[in-house]
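Work through the exercises below with the model open. Try each task before reading its solution.

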Amino acid sequence: MRPVPFFLDTFPRSRRPDYSRQRGELRVAVAIVGGGLTGCACASAFATAGVRVALLEADRIGAGATAASAGLLRQDFDGFFRESVDLHGLRTARHLWQSVRRASLDFAATLRRLGVRADLAPQDLLIRSQSIAEGARLDALATTKASTLQREYQARRDAGIEASWLTPRAVAAEAGLTGVAAIRVKGDALDPYRACIGLAAAAASKRAYVHERTVARRIRAGRKSVEIKTDGGSVIADAVIIATGGLPDDLRALRRHFDPTQAYAVVTESLPSAVRKELGKRTSALRDASEPPHILRWLKQDRVLFSGADQRPVPPRLREKAIGPRANRLMYELSTLYPAISGSQPEWAWDFVHYGSPDGLPVIGPHRNFPRHLFALGHGRHGAGVAWLAARVLLREYLGEPAKADEAFGFSRVL
């Protein structure tokens, strides 16, 4: 079992990009801290708009949480629309959810237009009414969850949010699961690492500066500019975009709003034909009703990616030791979902940390206490479309052309 993210490990080492460290003094219009999918999406969008950009990544481009993700380009948020309505009202909730759908569609079109080979292919998501713990039982709790899911579907439909309802019979035919209904959400699947390095290359082709192994040690905003100190020098910019998961020390005051969660994922060995016959059509990813949820995605070569087993972050010295037990737990939970998979072994297992916001939705925009800063935070499990959503919202903000409803993504929504 290889304890590294599947998408990173299966990309040829000889083809991985190698960008230089930042040295000396560099002056740009916008500095972007964080070279994951969101940072690279911002770099590409800003550079395409003619903005002089520098992208700073502490490690290697796309090799962190991006490569560790499930690679779903889903057209909704990972949550319940009804909860967004309860918190923010129907009008704001509808805007938030419709915006991520448009961003996901636009992101797919952008990757194709740029010629980024990220294995982009349709793969809808089925949000099913059972949790892993319930198995195939139809007891009172499972029935209640089915009813809750149906109300969620109706709320989405009434608000004009794209979704369709699958009866238990339809779910059985498509996913090989019995006694469970589901909401179908349109979407795609991709290789998140390939998408990330493709966007970085697109930004570099537009004369963006891309630097790896460059830690932003200190960020200081002044009246006319913001300065980012690195080990090798400094970057002076009109604005800085914070597109990291965890916040740097200069922004520690905001950390309490974005809780970290340590999650785990496994990828199975190639499943034999006899097993595959028990798994349905294998054309749609799955999300269950567990809290926290599990995500299942079908991969090439008849493999399964299965993620979940969330917990509070463990100390760095214990991370490697925790992967084995968590991988075993995930394989057990996968076998309760699909008994035919029982006995299959994981070939890859890894951990990653994602950050949630106070209301579970991403926070994108400026903060009144941090001048010349733009933020893209709290992406959680929402999928790759949120990266492009952040890039478009922040570009409009920087150009002084915000859309009327962009404020709904900002800090005023959650603070």
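Helices (H or I, at least four residues) and strands (E, at least two) are DSSP runs, numbered from the N terminus. This is a predicted model: local features need pLDDT of at least 70, side-chain atom pairs count only at pLDDT 80 or more, and totals for chains, interfaces and linings use all residues. Residues are numbered from 1 along each chain as its sequence is written, and side-chain values use heavy atoms, with hydrogens and water left out.

**Exercise 1. Describe the overall fold.**

Step 1: count the elements. The protein chain has eleven helices and 21 strands.

Step 2: check the radius of gyration, taken over C-alpha atoms; the globule rule is 2.2 Å times the number of residues to the power 0.38. For 415 residues a compact globule would come near 22 Å, and the chain's 21 Å agrees.

Step 3: look at burial. Buried means under 20% relative accessible area, exposed over 50%, partly exposed in between (1.4 Å probe, protein chains only). Buried residues are 54% of the 415.

**Exercise 2. Is arginine 303 buried or exposed, and what does its side chain reach?**

Step 1: read the area. At 9% relative accessible area, arginine 303 is buried. Arginine 303 belongs to strand 18 (residues 303-311).

Step 2: follow the side chain. It reaches the backbone oxygen of threonine 268 at 3.2 Å.

Step 3: survey the surroundings. Outside four places in sequence, the contacts of arginine 303 include Phe6, Trp298 and Trp348.

**Exercise 3. Find the buried side of helix 7.**

Step 1: pick the buried residues. In helix 7 (residues 168-175) these are Val171, Glu174 and Ala175.

Step 2: compare directions. They cover an arc of only 75 degrees (directions from the helix axis to the C-beta atoms), so they lie on the same side of helix 7.

Step 3: identify what they pack against.

Notes:
Polar contact = N/O pair within 3.5 Å; in protein donor to acceptor, adjacent residues only side chain to side chain. Contact = heavy atoms within 4.5 Å.
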